[in-house]
Structure formats: structure tokens, C-alpha cells
Amino acid sequence: MDHDHSYKLLFAHPQMMRDLLNAFVAGEWLDEVDFNTLERVNGDYVADDLRARADDIVWRVRCGEHMVYLLLEFQSSPDRFMAVRVLTYVGLLYQELIRGSNSRELTELPAILPIVLHSGRKTWSAAHDVSELVSEAPRGLEPYRPRLRYLLIDEHRYEDAELAARHNLAAMLFRLENCRRPALMKQLVRTLADWLQGPDLEGLRRAFTVWLKEVVLERLSNDPERIADNLWEKSTMLSERMDEWESEFLARGAQKGRQEGRQEGRQEGRQEGEAVVLTRLLRKRFGDLPEEVPARLRSAPVEQLEAWTECLLDAKSLEEVIRCVQQPIRTDG
């Protein structure tokens, strides 16, 4: 299952769509939205030339006296011509609405809000309006230049504190997607588990399990299937699982780091490469280091650096790492 499909499972639930609109879509029209009327509609269209096209997610909701359609597209990487794709999807949706109604009595078409949800880490630089992709028209043809704009929600442009303040499931999804700190990841998953209690959230809980397994656990664990099976057990079990993920994550980081260090060491000396790797791992695990620690690492022998790296996997603090070898680094000056 790919990343975009796991998002589709999540946003097939009305609570996720409601939270996305409330936290990341602006506009006075939202004040009139009746979220109790949120309803999934058919997202599979067949164009007049019989070529099938399947959209990601389409919802509709009542806004005052009007129905508004929400077309949600998921992107894990930028697409230069996304605006053209959105233009096509909107046209196909209108065709489907016309076919499904009595066209003789249809006097106007409903409003459609196209939303592109980007979860990738690469900067989104694609045009937001199809008119930006069309060359300047000859004089007299400007009125016929196509115009259609989509709303971009780019997950990685939000700071964690900003997402935390929004305090809902869509913001929590973005926080987990962005998180690269095992300790914070542990806290976020515990909070998510608390939020998803109750039989009415069973479907959404299963969708989050799939997404966590496909995205988060693939980053943190060598056995995501086994851990995902027990993901929503009691909090003590969850804490143990998160500790396990953190140890595995650090172990893989240490192994990768040593490989990078050795490659760098071939150029600048193995000792310096090992020191660089250990410094990075210590900062990732414990934050800012006292000034004397990196200096001591730069002068330590390779064997001692490797011993400290191994100690890092199980240590709970910087001091515990330091004490695990015979020649400790002094942090008190």
C-alpha cells in the first residue's frame, strides 16, 4: 500500500475532513457549514471519451442554502502540472453532476473547492493556478485564457508548535508526519491513542493503524507488522513499544552513521569521522551538548568513540553514556 492510499483511508472519515477544514482552510463560508451534512460522493468518473479517471476523495457539505463539493487530492511529491490535473478533475466532476441530474431543470452548478494535500518533504513550487502555466495570449484572446486555482495544504511548512495549537486529528497527522524525534513521537502516539478511544472511532482507529504502519513504523521499526497489531493496547504496552522503536531507530542510525563516518574518515581520517558521527547522534538524542564534549570527542581514540556509540543505544542520559567507559568525558568543566 502506498503513502497516498493510506491518506485516502484516513480522509474517508468525516471527522478527518472536518478537522482539516477547521484547522487549515480559511474563509467566511466555513461559518455557515453544517458539518453534520458531510457526505462522501462518487469520485470515479468516466469522461465522454470513455477513459476512466479516479479522483482521490470527494465530499460534499451544506453551506447555508448551497451545497459545496470538496475535491481532495493527495500528493507525496510535487507535480509541475498539478493545476492542469485539477482543472481536468473539476471538469469531470461537473460532467458527472450533469449526467446524474435532470439537465433540463439544472439551472446552475455547485461550487467546488479543489484541495491539494502535499505530504512530501520536497518544497512545493508548482503553479497554483492553471493560468500561470499558459503562455500570454495574443491581443483579444485574453478573456479565453483558462483560470482555475486549487488550495494547497503543505504539511511541512508548519512548525510543530503551530500544529500543536490547532489540537485536532488533522494537525496531529501532520505532526506525526513531520516528527523525527523518537521521544516526541512516543508522546504524540500516546496522545493519538487517547483521542481515538471509543467504539464510534473504530474505523478511524484502523485507518490510523494502517498509516502508522506504512509511514511511522517503517521509519522506526524493523518489524512494523508485529508492532502495528498491538498498537492500541494499554498505555504501558504502547510505551514499551515506543521504547523498542527508539532503540531500533538509534541502532540503525548508529550503523548508518558509522558507515558515513568511515567514508568521511577515508578523506579526513577515521577518528575524525567517528567523532562527527557520535556528536550527531548525541545531539539527536540529548539536544545541545556542553562545549567541552565535542572537543573531547575530537581527541578520543577510535575504540573509545565506538564504545560510546554502543552505550548510546541503551543510555537514558548523556551522563550515562559518559560513565559507560573507563575514560569519561567531563561535563562540569
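Me: What makes strand 4 and strand 5 a pair?
Reply: This is a predicted model, to start with. Pairing takes at least two bridges, and 7 join strand 4 (residues 57-63) to strand 5 (residues 66-75), so the two count as paired. They run antiparallel. As one example, Val58 has Leu71 in strand 5 as its bridge partner.

Me: Why are strand 1 and strand 7 said to stand at the edges?
Reply: The sheet is open, with 5 strands in the order 1-4-5-6-7 and mixed pairing. Strand 1 (33-40) and strand 7 (151-154) each have a single partner strand, so one side of each lacks a neighbour in the sheet. From one strand to the next, the twist averages 25 degrees.

Me: How do you know that helix 3 packs on the sheet?
Reply: Contact means heavy atoms within 4.5 Å, and helix 3 (residues 82-99) touches strand 4, strand 5 and strand 6. Its direction makes about 140 degrees with that of strand 5. Helix 2 (residues 14-24) lies across strand 1, strand 4, strand 5, strand 6 and strand 7, at about 135 degrees to strand 1.

Me: What makes the largest nonpolar core a core?
Reply: Its members must be buried, meaning under 20% relative accessible area, and joined through side-chain atoms within 4.5 Å. That set has 47 residues, with Phe11, Phe24 and Phe208 making the most contacts inside it. Helix 5 (residues 169-178) gives the largest share, 7 residues. Phe11 touches, among others, Trp59, Phe74 and Leu173.

Terms used
Residues are numbered from 1 along each chain as its sequence is written. This is a predicted model: local features need pLDDT of at least 70, side-chain atom pairs count only at pLDDT 80 or more; totals for chains, interfaces and linings use all residues. Side-chain values use heavy atoms; hydrogens and water are left out. Buried means under 20% relative accessible area, exposed over 50%, partly exposed in between (1.4 Å probe, protein chains only). Helices (H or I, at least four residues) and strands (E, at least two) are DSSP runs, numbered from the N terminus. Axes are lines fitted to C-alpha atoms, for helices over the stretch in contact, and angles run from 0 to 180 degrees between N-to-C directions. Lists of a residue's contacts leave out its neighbours within four places in sequence.
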